[in-house]
Amino acid sequence: MSYNLNNLSRTTLQKIFYVLEEIKLKSEIINRKRFLVIWIGELKNVKGNEQESVLLNLINDKVIKENKWLNFSFLLKQSYYILHIDNSFFDFFDKVKLQLVKIDKVDNTKKITSHKLSFDVNKSILYFMGYKIPITLKNSKPNAHYIFEHIFTAEDGLDQKYPYREIAEDTFDEIYEKWKIYYRACEDIERKVLNKTGVKDFLKFSTGKSGWVKINDKYLK
């Protein structure tokens with residue numbers, strides 16, 4: 001069997017990567033000497049038969065070479081392979097790692113764009129990516145709550161930029177003077193979303209008297 005990385009599932013790729021990583025780590029422990037012993041059944045994340053299957057496929061694809069001249073199986077009960085690796089191994093290792101990164105990137109995008117986005121004004125809870133994110137943690141509502149209240153109840157919709165001045169006058173019901181109050185409220189929102197979801201760029205917002213805030217367009221799809 002020859003590995004076509006583009007057609008493999010993430011689970012299969014991950015198992016291949018675990019086996020490759022074990023070989024790479026062992027080669028580095030012995031200063032990258034190209035002959036090393038790999039014991040079957042030592043990996044926690046891959047079953048022995050799966051590990052052996054991956055090794056045989058790698059040998060068949062000439063990613064690694066098996067040294068059959070050295071054989072001590074008659075002395076040992078545990079199965080093992082004595083391998084020789086060269087640049088083709090390290091090239092394949094990098095390709096598998098890159099393919100896993102590509103798959104994870106696609107999966108993350110799907111998660112982000114498939115979840116509904118809403119804000120419960122009465123409970124002060126943001127619903128995003130399947131998470132419930134409390135904005136008000138105590139009895140009194142923070143400025144972050146009123147930023148959201150303005151964005152989610154405005155007639156212009158979620159995809160608009162909302163100036164701090166407008167938020168101050170319409171929702172905070174106060175004279176707009178210090179833009180940093182609203183900027184810090186946006187930072188508070190970013191922290192709360194980040195802590196729950198890992199998303200670092202939920203909002204876009206700016207500094208200064210002409211500052212504004214909006215929800216990042218990629219989370220409105």
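I began at Y162, which stands opposite V213 in strand β9. A reminder to myself before going on: this is a predicted model.

**Entry 1, the sheet.** Which strands does this pair belong to? I found that β7 and β9 (residues 212–215) pair in the antiparallel sense over 2 bridges. I then looked up the whole sheet: it is open, has 3 strands in the order β7-β9-β8, and its pairing is antiparallel. β7 (162–163) and β8 (203–205) are the edge strands; each has a single partner, so one side of each has no neighbour in the sheet. I also noted that helix α6 packs on this sheet and touches β8 and β9. The direction of α6 makes about 160° with that of β8.

Next I followed α6 (residues 179–197) to helix α4 (residues 143–153). Their axes come within 8 Å and cross at roughly 90°, which makes α4 roughly perpendicular to α6. Which residues meet there? From α4 I listed N143, A144, I147 and F148, and from α6 I listed I181, Y182, A185, D188 and I189. Sorted by type, the contact has 7 nonpolar residues, 1 polar and 1 charged.

Buried or exposed, I wondered about D188? D188 is buried, at 16% relative accessible area, and K192 counts as buried too, at 14%.

I counted on: the structure holds 6 salt bridges. One of them joins E50 and K15, with the closest N and O atoms 2.8 Å apart. E50 sits in helix α2 (residues 48–60) and K15 in helix α1 (residues 10–29), so this pair ties together parts that are 35 residues apart in sequence. E50 is partly exposed, with a relative accessible area of 24%; K15 is partly exposed as well, at 25%.

Another joins D217 and K214, whose closest N and O atoms are 2.6 Å apart.

How values were computed. Residues are numbered from 1 along each chain as its sequence is written. This is a predicted model: local features need pLDDT of at least 70, side-chain atom pairs count only at pLDDT 80 or more; totals for chains, interfaces and linings use all residues. Side-chain values use heavy atoms; hydrogens and water are left out. Axes are lines fitted to C-alpha atoms, for helices over the stretch in contact, and angles run from 0 to 180 degrees between N-to-C directions. Helices (H or I, at least four residues) and strands (E, at least two) are DSSP runs, numbered from the N terminus. Angles under 35 degrees count as roughly parallel, over 145 as roughly antiparallel, 65 to 115 as roughly perpendicular and the rest as oblique. Contact means heavy atoms within 4.5 Å. Ala, Val, Leu, Ile, Met, Phe, Trp, Tyr, Cys and Pro count as nonpolar, Asp, Glu, Lys and Arg as charged, and the others, Gly among them, as polar. Two strands pair if DSSP finds at least two bridges between them. A salt bridge is a side-chain nitrogen of Lys or Arg within 4 Å of a carboxyl oxygen of Asp or Glu. Buried means under 20% relative accessible area, exposed over 50%, partly exposed in between (1.4 Å probe, protein chains only).
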